[in-house]
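Colleague: Could you walk me through reading a strand and the segment that follows it?

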Amino acid sequence: MDCVFCGIIDGNIPSDKVYEDEEVLAFRDINPEAPVHILVVPKTHVNSCNCINEVNSYLISKIFEIIPVIAKKEGLTNGYRVITNVGEDGGQSVEHLHFHILGGKKLPVHFG
Ligand code: AMP
Ligand code: ZN
């Protein structure tokens with residue numbers, strides 16, 4: 001499978017890691033859209049939100065327990081945004097489930 005995030009998880013592609021445990025990895029986005037732009041991913045390959053089920057949904061609660069820890073460490077005391085894009089219309093460019101953490105400035109509010 002040709003997945004860039006699996007390559008990062010396997011250590012074959014370099015990344016700027018900010019958090020790691022047995023099941024979750026977080027690293028800085030290569031093309032940041034805010035002063036802090038971090039991607040949080042499960043280490044097992046899951047395509048997107050569309051593939052979350054009763055077997056793997058524990059990864060989502062794990063990720064959402066870790067997000068505030070990362071946000072605090074990054075100094076995002078005034079708030080931040082968490083985004084996950086799904087499929088072509090959602091603007092998903094990497095088909096490995098990931099949650100963007102964006103912060104470090106007042107983010108514009110826009111949908112569509
Ligand atoms: P999305 O468009 O929601 O699928 O987000 C994919 C994100 O992955 C984009 O913000 C890219 O900048 C980021 N990205 C792609 N390749 C890498 C990489 N090798 N290291 C870090 N971030 C990456
Ligand atoms: Zn993958």
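Modeller: Let's take the strand, then its pairing, then a residue in the segment after it. Residues are numbered from 1 along each chain as its sequence is written, and chains are lettered from A and ligands numbered from 1 in the order in which they are written. This is a predicted model, where local features need pLDDT of at least 70, side-chain atom pairs count only at pLDDT 80 or more, and totals for chains, interfaces and linings use all residues, while side-chain values use heavy atoms, leaving out hydrogens and water.

Colleague: How many residues of E5 are buried?

Modeller: Buried means under 20% relative accessible area, exposed over 50%, and partly exposed in between (1.4 Å probe, protein chains only). Strands are DSSP runs of at least two residues (E), numbered from the N terminus. For E5, 5 of the 5 residues are buried, so the rest of the structure largely encloses this strand. Phe-99, Ile-101 and Gly-103 cover one side, with His-100 and Leu-102 on the other.

Colleague: Which strand does E5 pair with over 5 bridges?

Modeller: Two strands pair if DSSP finds at least two bridges between them. E3 (residues 36-42) is antiparallel to E5 over 5 bridges, and Val-36 has Gly-103 as its bridge partner. E4 (residues 80-83) also pairs with E5 in the antiparallel sense, over 4 bridges; there Ile-83 stands opposite His-100.

Colleague: And what does Lys-105 touch?

Modeller: Contact means heavy atoms within 4.5 Å. Lys-105, in the segment after E5 (99-103), touches Glu-33, Ala-34 and Pro-35, leaving aside residues up to four places away in sequence. Lys-105 is partly exposed, at 46% relative accessible area.
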